Amino acid sequence: MIGRWVSCFNPTYVHFIFNSTHLLNHIQAKKADYVVALKANHPTLYTQVKNWFEQAQAHQFDGIQFSYDYHLEKGHHRLEKRWCWAVPLEAFGGLYQQAQWQGIQSIIMVKRVRHPGHKTTCEVQFSLSSLPADAQKIGNAIRKHWGIENQAHWILDVTFN
């Protein structure tokens with residue numbers, strides 16, 4: 001199944017978010033790249049990445065090679081700010097059980113602050129990617145995934161009331 005899914009896209013780039021490392025071999029075999037959302041089901045790795053980014057931010061990424069991107073979007077009666085930091089694996093200094101993440105090249109942190117009406121929400125997401133540390137490219141891929149997911153949820157909400 002994954003072979004058919006991957007072949008539907010440009011074989012040099014696929015944006016794919018999932019929680020299982022065994023599919024990475026299939027994605028890499030198709031000469032595709034991945035962006036994997038790092039979730040709490042990998043608690044040691046998640047904590048390592050979270051703590052690393054907290055320290056890096058506290059020191060303003062001093063002496064660390066990284067890529068940064070910022071977007072501000074207005075629409076649908078809301079304001080959304082997105083910050084994306086992408087760090088090459090070499091600058092990170094190694095990951096817990098790194099061999100599980102075939103082809104990994106970068107670690108990413110995305111912070112989203114939304115202002116729908118008079119409320120404010122904040123979300124921080126960590127990701128791993130086989131792409132080089134390019135915050136603009138990876139941030140756009142993550143945003144496109146969120147757009148597809150939000151559209152699917154909207155259709156389900158409307159269809160099933």
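Buried residues have under 20% relative accessible area, exposed residues have over 50%, and partly exposed residues fall in between (1.4 Å probe, protein chains only). By this scale F66 is partly exposed, because its relative accessible area is 35%. The structure is a predicted model, in which local features need pLDDT of at least 70 and side-chain atom pairs count only at pLDDT 80 or more, while totals for chains, interfaces and linings use all residues. Residues are numbered from 1 along each chain as its sequence is written, and side-chain values use heavy atoms, with hydrogens and water left out.

The chain contains 5 helices and 5 strands. Helices (H or I, at least four residues) and strands (E, at least two) are DSSP runs, numbered from the N terminus. Along the sequence, their pattern reads α-α-β-α-β-β-α-β-β-α. Of the 161 residues in the chain, 38% are buried. The accessible surface comes to about 9700 Å², and carbon and sulfur atoms hold 53% of it. Accessible areas come from the Shrake-Rupley method with a 1.4 Å probe; for residues, only the protein chains shown count as cover. Contact means heavy atoms within 4.5 Å. Among contacts between residues at least 6 apart in sequence, 53% join residues at least 24 apart.

A nonpolar core is a set of buried Ala, Val, Leu, Ile, Met, Phe, Trp, Tyr and Cys residues joined through side-chain atoms within 4.5 Å. The largest such core has 25 residues, of which V49, F53, L95, W101 and I107 touch the most other members. Two or more residues come from each of α2 (24–29), β1 (35–38), α3, β3 (78–88), α4 (89–92), β4 (106–116) and β5 (121–129). Helix α3 gives the largest share, 5 residues. Another core, of 9 residues, lies apart from it; V35, C84, V110 and A135 are among its members. F53 touches F61, W85, V87, F92, I107, I108, M109 and F126, with residues up to four places away in sequence not counted.

On the surface, F66, Y68, Y70 and L72 form a nonpolar patch. Together they have about 370 Å² of accessible area. Patches are made of residues with over 30% relative accessible area and no salt bridge; like charges are joined within 9 Å, and nonpolar side chains (Val, Leu, Ile, Met, Phe, Trp, Tyr) within 5 Å. A salt bridge is a side-chain nitrogen of Lys or Arg within 4 Å of a carboxyl oxygen of Asp or Glu. F66 sits in the loop between α3 (43–58) and β2 (67–75). Y68 belongs to strand β2. With 41% relative accessibility, Y68 is partly exposed. Beyond its neighbours within four places in sequence, Y68 is in contact with W83, C84, W85 and A135. Y68 and Q136 are 68 residues apart in sequence, yet their C-alpha atoms are 7.2 Å apart in space.

C84 is buried, at 4% relative accessible area. C122 is exposed, at 53%.

Most residues other than glycine have a negative phi. K31 has a positive phi, near 60°. K31 lies in the loop between α2 and β1, and it is exposed because its relative accessibility is 65%. Q97 also has a positive phi, near 50°. Q97 lies in the loop between α4 and β4, and its 43% relative accessibility makes it partly exposed.
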